[in-house]
Structures are given as structure tokens and as C-alpha cells.
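Let's go through this one in questions and answers, with the model open beside you. Each answer works its way to the value or name asked for.

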Amino acid sequence: MGVDLRQVVAGILTLTMFVMLGNMIKRDRFDSVVEEKLPGGAVDAEFDSGKVTEQGLVTFAKMGNGPWMEDGQQLKPCWTESTFDQIEQSKGFVTFSLTNGPEYHILQIADAVVVARYVGATLVIPDIRGNKPGDERKFEEVYDVEKFVKSLDGVIKVVKDLPDDISIRDFAVVKVPNRVTEDHIAELVEPIFRTKGNIRLATYFPSVNMRKTTQKSNTDSISCLAMYGTLQLHSEVNEAVDSMIERLRTLSRKSDGRFIAVDLRVAILEKKSCHGSGAGGAKTCYDAKEIALFLRKIGFDKDTTIYLTQSRWDDSLDVLKDIFPKTYTKESIMPEEKKTKFLESEDSEFEKVIDFYICSQSDVFVPAISGLFYANVAGKRIASGKTQVLVPADIPGSSSSVTNHFSPYISKKNHLAYSCFC
């Protein structure tokens, strides 16, 4: 009995479609691990993260070895200063602290600005608190305080310190959920503010949903400005980031200065939550071996330069370096004169900030860990057109197309940043 060639081809195409569908489901689940609690459905969109030819093929950069994609167009803010009406300021103050790293800072600032704007209060520049008791830094040690104040001019009044005659001990502590709504402020925050006169905010995160919603609010533009238009690194920290990126590009001559940043931290991988699967069977993190095999199978050359968010080398990373010899951590590429302040101190706040901004500016970003770091790095990359964010997955066979692994935040355009940038 002869074999019908058309049936064979049809069978191969069907199998290929199932493999691609399986990878898409895995990428969605990687995101849904951290997005399953807050309301607001995502709106699916066509894949549009690369340049598409008339034949529907993604155009990759014709430089270097590997599936490097050209950056997209940098987006512009949808919000404008003219949309912010002047409001009468009260005599009250809103204070708060930044905690848990830059991926949380962005959202904590947005909530504080939205609340202060709604109740008509003056916002006090926050301090930055680490994980250990007494571990505090001033805002201006990490971020540009003048840029922060100027960016909010005409939106809310901002002061660096409380007046001498006002004690922080007299402030009422108010907890608000991340992405606080106007209704929540009106019902649960404003009455306390009117009674007490001053409040101290503490943002909590019932989930870390960063998908855009279909619901519109009067505070959307203010929230966008606060998240993406207020924070800029202090010049000294920015110099450290720039020097490390320059070093990575120098090490990447064979790939035309391009490098991959991977959020891979051994301490998190060792936690019990990383040994199993998350909601719906989703895998929540990938170890060094899995990342190495993933990058190799989608086509990255062994000479590819990789930056890890892991601060100091760990033996468990050796398997990654065996496959990609040009794999580096902060300790190997940070200038010696900057290590004392940014690397060798007990405070890891600088290290978190450096990682966040290097991952935001790399040519490719791979989140080995599902969470808010991944979500907010993706948001910053969307604004700058650096949309090559690749979500790992278990890949059957010897190879896989890189386009199968674009983050749903990018391929579906369902990230909150797409509501803020046009």
C-alpha cells in the first residue's frame, strides 16, 4: 500500500501546531502564576513584537550569531501634563516607605501619588527600607530626588521632609491594595485622612497582576506618570549601571555588542516553591541547566554573553557556564572602585536596583523566575521598544523557534504599560 505524501505533510503540520500551542500555554501559565487574583481580563492582540514582512515572517537583525531581533520603536507617553487639572491642596500629608526592591517601588509610588492626589494631600519623599530591621536608605541615595519632584509638579505638592512641628507618630497607618481604586480611596482612605489630617500608607499586594484592564479611571494618567515618569537613578548609581553594560557589550564583540540578561537567583531557586509547579501545573522557575538548554535550543551561540542577577558565583551555575562560557555575575564585571559601595556592603538595595536596570536595557531578557521583577522589567522594556522578552519552557526535540517563547505581555500586548504608552 503506497504512502500518500499529502497525508504525511498534513500530519507533520498538525504535530507542529500542537507543539507551538503547548509552548504558548506554558508561557501564559508562567505569567498567570503571578496574575490570578486581581480582576480585569487581558485583551488578546496579534503578535506584533518584531518587524513583520508581507509573508508574515519576523525580521531578525542580520548581525552576530543567534536569534537576535531588532529593537522596536520607542513609545511615547499617552499622558500629558495638560490632562492634570489643578486641585486645591489641603494641609495634610501622606508619607510612605519604599520596600522590597525597585520592582515594588514603581507600584508603591503610583499608589501613594494616586492617594495624595485624590485627597488633596502633600506627599513626603519616601525613605527606602531593606529586609532587615533598621536597614534604611534615603531616597536620594538611590534615585534622583530633583527629577522626582519636578515630574510631579502641577499634579501634587511634594516635600522632602515633614515640618518640624508635625510628628510621624501622630499619623494614622492606612493599608491599601496595589493599584488602589478611586472607590477604595473614597470609602476607606479619605474618611481617615479627613479625621486624622495625616496618613501613612502601606501598600500590600494581594497579587502582582500587571495586565491592563478594560476599566477606565480618572486616575489612570496619574498612575502612568507615577510608574513610568518619576523614577530616575541617582547619577552615581546610573554610572555603575552604564559601566557594567558597557563592559558586557565589550565582551560581546562576536554578537555585535549584544547580550542576554537572565533573572536567576540561587537563593530563590532553592526555596520549596521552586521545586514544584504553580497554579494549573505552571512551572514557576527554571534552574541554570534548564536556562542553558533553553537558550541553546532556540539558537543562541555558545559565544553569547549572559548576565545573571545572581550577585556572586555559585557552583550550581557551572553547568550554564559550561555551555555559555561568557556568563557573568555582578562581582566579575563591576568596576573595582564601585564594589565597596554597591557590592561589598551588607545592604543589597543597590544590587537589586542595578539588576533591574541592566535587565531593562539588555538586548534580550529571560525571566528564570516568575514574579513582579519579570513583570515590571517587561513594562520598562515595552516603553523603550526592547520587546525581546523570552519566557522559558520545556522544549521537546533538538530545537525550537524563538518566536514561540515571546512573553504574552508582549505578544498579546496585554501588559499595563500598553495603557500608558502609545
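Q: Is Asp256 buried, partly exposed or exposed?
A: This is a predicted model, and in it Asp256 sits in the loop between helix H7 (235-250) and strand E11 (259-263). Its relative accessible area is 43%. Buried would need under 20% and exposed over 50%, so Asp256 counts as partly exposed.

Q: What is phi of Asp256 near?
A: Asp256 is a residue other than glycine, and its phi is positive. The value is near 55 degrees.

Q: Which loop holds Asn100, and what is its relative accessible area?
A: Asn100 has a positive phi, near 70 degrees, and is a residue other than glycine. Look for it in the loop between strand E4 (97-99) and H2. Asn100 is partly exposed, and its relative accessible area is 35%.

Q: Are H2 and H5 roughly parallel or roughly perpendicular to each other?
A: The axes of helix H2 (residues 102-119) and helix H5 (residues 182-196) come within 10 Å, and they cross at roughly 65 degrees. Angles from 65 to 115 degrees fall in one class, so H2 and H5 are roughly perpendicular.

Q: Which residues of H2 make the contact with H5?
A: The crossing of H2 and H5 is right-handed. On the H5 side, the contact is made by Glu182, Ile185, Ala186, Val189, Glu190, Phe193 and Arg194. From H2 come Val114, Val115, Tyr118 and Val119.

Q: How many residues in the contact of H2 with H5 are nonpolar?
A: Sort the residues of this contact by class and you get 3 charged and no polar ones. The nonpolar count is 8.

Q: What is the handedness of the crossing of H2 and H14?
A: The axes of H2 and H14 come within 8 Å and cross at roughly 70 degrees. That makes H2 roughly perpendicular to H14. As for handedness, the crossing of H2 and H14 is left-handed.

Q: Which residues of H14 meet H2, and how does the contact divide by class?
A: H2 brings Glu103, Tyr104, Ile106 and Leu107. H14 meets them with Leu372, Phe373 and Asn376. By class, the contact of H2 with H14 has 5 nonpolar, 1 polar and 1 charged residues.

Q: Which helices do the buried residues of H6 pack against?
A: Helix H6 (residues 220-228) is mostly covered, with 7 of its 9 residues buried. The buried ones are Ile222, Ser223, Cys224, Leu225, Ala226, Met227 and Tyr228. They pack against H2, helix H4 (145-151), helix H14 (372-384) and helix H16 (417-420).

Q: How many salt bridges are in the whole structure, and which residues are linked in a network with Arg129?
A: Searching the whole structure turns up 15 salt bridges. One of them joins the side chains of Arg129 and Asp127 at 3.1 Å, N to O, and Arg129 is partly exposed at 33% relative accessible area. The network of salt bridges links Arg129 with Asp127 and Glu136.

Q: How far apart are the closest N and O atoms in the salt bridge of Lys302 with Asp303?
A: Lys302 is partly exposed, at 46% relative accessibility. A salt bridge needs the nitrogen within 4 Å of the carboxyl oxygen. Between Lys302 and Asp303, the closest N and O atoms are 3.8 Å apart.

Q: Why are Glu336 and Lys339 about one helical turn apart, and what is the N to O distance in their salt bridge?
A: An α-helix has 3.6 residues a turn, so residues three or four places apart point the same way. Glu336 and Lys339 are 3 residues apart in helix H12 (residues 336-342), which separates them by about one helical turn. In their salt bridge, the closest N and O atoms are 3.0 Å apart.

Q: Which of these is buried and which exposed, Glu336 or Lys339?
A: Glu336 has 56% relative accessibility and counts as exposed. Lys339 has a relative accessible area of 10%, and the cut-off for buried is under 20%, so the buried one is Lys339.

Q: Which residues is Lys339 in contact with, leaving aside its neighbours within four places in sequence?
A: Lys339 is placed in helix H12. With those sequence neighbours left aside, Lys339 is in contact with Glu331, Met334 and Glu344.

Q: How far apart in space are Ile410 and Gln388, C-alpha to C-alpha?
A: Ile410 lies in helix H15 (residues 408-411), and it is buried, with a relative accessible area of 1%. In sequence, Ile410 and Gln388 are 22 residues apart. In space, C-alpha to C-alpha, the distance is 8.2 Å.

Notes:
Residues numbered from 1 in each chain as written. Predicted model: local features only at pLDDT ≥ 70, side-chain atom pairs only at ≥ 80, totals over all residues. Heavy atoms only, no water. Axes fitted to C-alpha atoms, helices over the stretch in contact; angles between N-to-C directions. Helix = DSSP H or I, 4+ residues; strand = E, 2+ residues; numbered from the N terminus. Parallel < 35°, antiparallel > 145°, perpendicular 65-115°, else oblique. Left-handed = near helix turned anticlockwise from the far one by under 90°. Contact = heavy atoms within 4.5 Å. Nonpolar A, V, L, I, M, F, W, Y, C, P; charged D, E, K, R; others polar. Buried < 20%, exposed > 50% of the residue type's maximum accessible area, 1.4 Å probe, protein only.
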